Amino acid sequence: MKKVLFIDRDGTLITEPPDDYQVDSLDKLEFYPGVFRWLSAIASELDYELVMVSNQDGLGTDAFPEEDFLPPHNKMLKAMENEGIFFTDILIDPSLPSENSPNRKPGTGMLGKYIHGPYNLEYSWVIGDRSTDVQLAAKLGCNSILLGGKSEQATICAATWEEIYRVLKEIPRNASGERKTSETQISISLNLDGKGESEIDTGLKFFDHMLEQIAKHGQIDLYIKAEGDLQVDEHHTIEDTGLLLGELFRQALGLKKGIERYGFLLPMDDSLARVALDFGGRPWLEWNVEFKREKIGDVPTEMFHHFFKSFTDNAKCNLNISASGNNEHHKIESVFKAFAKSIKMAVRKDAGSTIPSTKGSL
């Protein structure tokens, strides 16, 4: 799901003339200090769509066709595009406060596609300079950044655009979700930039132990609660956990800007596991692990292949797994640990901000 920065215009992207607060001519157009450098960095390095939301035409007219903005607005857009700043949507309704327009902030009338569409509002932000921007964020279920002011209701109060960039840059890559069927009820939260903490309860103790390896050795925080029809068998619980975990990895990685993308091998006593991982957007599993026992702990050995297949299907990643050894416990634990190490390598962000593909997308 996509994340959005809903950005106010007047007083946030451009400054408002103190005499009449109207940017109605080109000579009154002045950009907010630092907006080019730091919003450009946000656009290139971070994983947000930029959407402009304003109730001020700021052009000296009370109404105008949305596709026919007047010179100051067009000049502003062109200047920003020259710095790599592109808005996927521009929503402006200059209704007066007395008109009670549902489009006027903090009203959400213009934002229906974001409320009902494939957008993760929990991890999105409203950025503006007025209390109505903070109130809009609360209505949307977003976070808020108040620029140049103070408010106990705002998530963050920032004095500069550089501070906004720093705040957004440091936000960990999180995702959470639920999967409910007639067979299982599963909730998972993960943080790709975590410390290896975990709290896992699937009703299958050995499966819990393997999932803990992903958190600990992948240095991700992972919280899983699963209730399944274990009175039938283990299949549905393990399958649905893999499906949801894969889906949340895909969400947390977003556009995958700046990630390493690939990860690799881990010995454990008599066992050697080789795991090659590619978060390249195409699901595939190569599985070369054979077991001599029907179960390890309370988990059927055939279900390990199914778990990783479920994960790759929804994470849209390529996994190539092989393992050798004599001790079956060591064999599968080395696989999970090698998988975790591969994840740690693949999701690591390097110094760049590009998508790691010659295609330009993953």
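Tutor: Helices (H or I, at least four residues) and strands (E, at least two) are DSSP runs, numbered from the N terminus. Keep in mind that this is a predicted model, where local features need pLDDT of at least 70 and side-chain atom pairs count only at pLDDT 80 or more, while totals for chains, interfaces and linings use all residues. Residues are numbered from 1 along each chain as its sequence is written, and side-chain values use heavy atoms, with hydrogens and water left out.

Student: Ok. Is T184 buried or exposed?

Tutor: T184 is buried, because its relative accessible area is 3%. The cut-offs are under 20% for buried and over 50% for exposed, with partly exposed in between (1.4 Å probe, protein chains only).

Student: What does the side chain of T184 make a polar contact with?

Tutor: The side chain of D240, at 2.5 Å. A polar contact here is a pair of N or O atoms within 3.5 Å; within protein, one must be able to donate a hydrogen and the other to accept it, and residues adjacent in sequence count only if both atoms are side-chain atoms.

Student: And which residues is T184 in contact with, leaving aside neighbours within four places in sequence?

Tutor: R179, E227, G228, H236, T237 and D240. Contact means heavy atoms within 4.5 Å.

Student: What's the strand order in the open sheet of four strands?

Tutor: The order is β7-β8-β10-β9, and the pairing is mixed. Two strands pair if DSSP finds at least two bridges between them. At the edges are β7 (174–180) and β9 (198–201), each pairing on one side only. From one strand to the next, the twist averages 5°.

Student: How many bridges do β9 and β10 have?

Tutor: Four, in the parallel sense, with β10 covering residues 221–228. E199 has Y223 in β10 as its bridge partner.

Student: Which strands does helix α6 touch?

Tutor: Helix α6 (residues 205–218) packs on the sheet and touches β9 and β10, its direction making about 160° with that of β9. Helix α7 (residues 235–253) lies across β7, β8 and β10 and runs at about 35° to β8. For those angles, axes are lines fitted to C-alpha atoms, for helices over the stretch in contact, and the values run from 0 to 180 degrees between N-to-C directions.

Student: New topic: what's the order in the open sheet of six strands?

Tutor: β3-β2-β1-β4-β5-β6, with parallel pairing. The edge strands, each pairing on one side only, are β3 (89–92) and β6 (156–158). On average, neighbouring strands of this sheet are turned by 20° against each other, direction ignored.

Student: How many of the residues of β2 are buried?

Tutor: Six of its six, with β2 spanning residues 49–54. E49, V51 and V53 point one way, L50, M52 and S54 the other way, and all are buried. β1 and β2 run parallel, joined by four bridges, and I7 stands opposite M52. Over on β3, four bridges again pair the strand with β2 in the parallel sense, and S54 stands opposite I92.

Student: Which residues of α4 are buried?

Tutor: In α4 (residues 131–140), D133, V134, L136, A137 and L140 are buried. They cover an arc of only 155° around the axis, so they sit on the same side of α4. That arc is taken from the directions from the helix axis to the C-beta atoms.

Student: What about the other side of α4?

Tutor: A138 and K139 are exposed there. The buried residues are covered by elements including β1 (4–7), α3 (112–116), β4 (125–128) and β5 (143–147). After α4 comes G141, whose phi is positive, near 80°.

Student: Last one: which residues touch the most other members in the largest nonpolar core?

Tutor: F249, F279, F304, F308, L319 and I332, out of 54 residues. Helix α9 (residues 328–347) gives the largest share of this core, eight residues. Another core, of 34 residues, lies apart from it, and includes I14, Y48, M80 and W161. A nonpolar core is a set of buried Ala, Val, Leu, Ile, Met, Phe, Trp, Tyr and Cys residues joined through side-chain atoms within 4.5 Å.
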